[in-house]
Amino acid sequence: MSDALINGLAGAGGGIIAQLLTYPLQTVNTRQQTERDLKREKRKLGTIEHMCQVVKQEGWERLYGGLAPSLAGTAASQGVYYYFYQVFRNQAEAAALARRKKGLGDGTVGMFSSLLVAAFAGSVNVLMTNPIWVIVTRMQTHRKMAKDQPTASDSPSSDSEALVAVEPRPYGTFNTIQEVYDEAGVTGFWKGVIPTLIMVSNPSMQFMLYETMLTKLKKKRALKGSNSVTALETFLLGAVAKLGATVTTYPLLVVKSRLQAKQVTTGDKRHQYKGTLDAIFKMIRYEGLYGFYKGMSTKIVQSVLAAAVLFMIKEELVKGAKLLLSNATSSKIKSKPS
C-alpha cells in the first residue's frame with residue numbers, strides 16, 4: 001500500500017471522527033454566517049445560547065441537519081486532499097533531492113513548496129467535492145417553523161418572520177438536491193466555488209504551519225536521539241496551525257456560506273446575491289466589516305478542535321497502518337522456506 005493511499009484513508013477516518021464530535025458547532029456557525037434577519041442579529045446570541053435556541057424551537061435533530069452528506073463530504077474531502085497532498089509532496093521531495101544532487105539546496109521541501117503542494121491538493125479537492133458542501137450548507141441553514149411562532153400569513157407586517165421557512169415535507173438530502181437543481185440547474189452545485197478556491201489558502205496555510213512546526217520539533221528531538229512525536233503534541237500543533245489559518249481566511253468562508261445557502265428571491269434585495277463580487281459589495285455596504293466576521297468565535301472553537309482531533313487521529317492511524325504492514329511483511333519473510 002502506497003504512502004499516498006495510507007494518508008488518504010487515515011485522513012478520511014480522522015475527518016469523520018472530528019466531524020462527528022464538532023458538528024453541532026458547525027451547524028450553529030453556518031447559521032450565524034448566513035443570518036441576514038436584522039431582528040435576529042440584534043439579539044447577538046452566543047454559541048451556547050444559539051444551540052439552546054435551536055434545540056428549543058426545532059429539536060435536537062436540527063443541530064445535526066445535513067450530517068449524512070457532511071460525513072460523506074468529509075470522508076471524500078479528506079481522502080482526496082490527503083491522497084493528492086501526498087502525491088504532490090512526493091514529487092516535491094523528489095525534485096528537492098534532484099536539486100541537491102546538482103548542488104542546489106539541502107534536499108528538503110521548503111515552506112513555499114509546501115504551500116504550493118497544499119494549494120494544488122486543495123484545488124483538486126474543491127472542484128471535486130463542492131456539490132456536497134452546497135447540499136450540506138442548505139440543510140444546516142434550513143429552519144423548521146417553531147410551533148408557537150406565527151407564519152408570514154398570520155402576521156404580514158413582520159418582515160423577519162417571513163424569512164423563517166415552513167417545512168411542509170421532510171427536508172432530506174434528495175429534497176435538497178432537487179431544490180438546488182430546480183433553482184439553478186447543474187451549475188447550482190458549484191455555487192461559492194470561487195471563494196472556496198481562494199480559500200484553498202486556508203488549508204495551505206494550515207499545512208504549511210503544521211509541517212514547519214512538526215519539522216522543527218523533530219529536528220530538536222533528533223538532537224536528543226529521538227524522532228518521535230506524541231499524540232498530544234500533534235494535537236497542539238494541529239490546533240495552532242488551524243487557528244492561524246482560520247483567522248486569516250474567515251471572511252471568504254462567510255461569503256461562501258452566503259452564496260451556498262438558499263437565496264431570498266423576494267423582498268429585501270440586500271439578501272439577494274448574484275455572485276461572489278455582488279455578495280462582497282452588498283455585505284460591505286449594508287453590514288460593514290462586522291458582516292465578514294459573523295460567528296468567528298464559534299468557527300475558531302469548532303475548526304481548531306476538529307483540526308487538532310483530525311491531525312492526532314490521522315497520524316496515529318498512519319503509524320498503525322505502517323506498523324501492521326511492516327509486521328505483515330516480516331511475517332511473510334519468516335514464513336518463506338529457506
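**Notebook: surface patch, helix packing and salt bridges**

The model I am reading is predicted. I placed L9 in helix α1, residues 3-34. I recorded L9 as exposed because its relative accessibility is 52%, and the cut-off for that class is over 50%.

I then turned to the packing of α1 against helix α3, residues 47-58. I noted an angle of about 95° and axes 10 Å apart. The two helices are therefore roughly perpendicular, since that class covers 65 to 115 degrees. On the α1 side I listed P24, L25, V28, R31 and Q32, which meet T47, H50, M51, V54 and E58 of α3.

Next I examined the salt bridges, which number 10. The side chains of R31 and E58 form one of them, at 2.8 Å from N to O. R31 belongs to α1 and E58 to α3, so this pair ties together parts 27 residues apart in sequence. I found both R31 and E58 buried.

I also checked E183 and R138, whose side chains meet in a salt bridge at 2.7 Å, N to O. This pair links helix α7 (residues 173-184), which holds E183, to helix α5 (residues 111-141), which holds R138, across 45 residues. Salt bridges with shared partners join R138, E179 and E183 into one network.

My last entry concerns K294 and E287, whose side chains form a salt bridge at 2.9 Å, N to O. K294 counts as buried, with 3% relative accessibility.

Key:
Residues are numbered from 1 along each chain as its sequence is written. This is a predicted model: local features need pLDDT of at least 70, side-chain atom pairs count only at pLDDT 80 or more; totals for chains, interfaces and linings use all residues. Side-chain values use heavy atoms; hydrogens and water are left out. Helices (H or I, at least four residues) and strands (E, at least two) are DSSP runs, numbered from the N terminus. Buried means under 20% relative accessible area, exposed over 50%, partly exposed in between (1.4 Å probe, protein chains only). Axes are lines fitted to C-alpha atoms, for helices over the stretch in contact, and angles run from 0 to 180 degrees between N-to-C directions. Angles under 35 degrees count as roughly parallel, over 145 as roughly antiparallel, 65 to 115 as roughly perpendicular and the rest as oblique. Contact means heavy atoms within 4.5 Å. A salt bridge is a side-chain nitrogen of Lys or Arg within 4 Å of a carboxyl oxygen of Asp or Glu.
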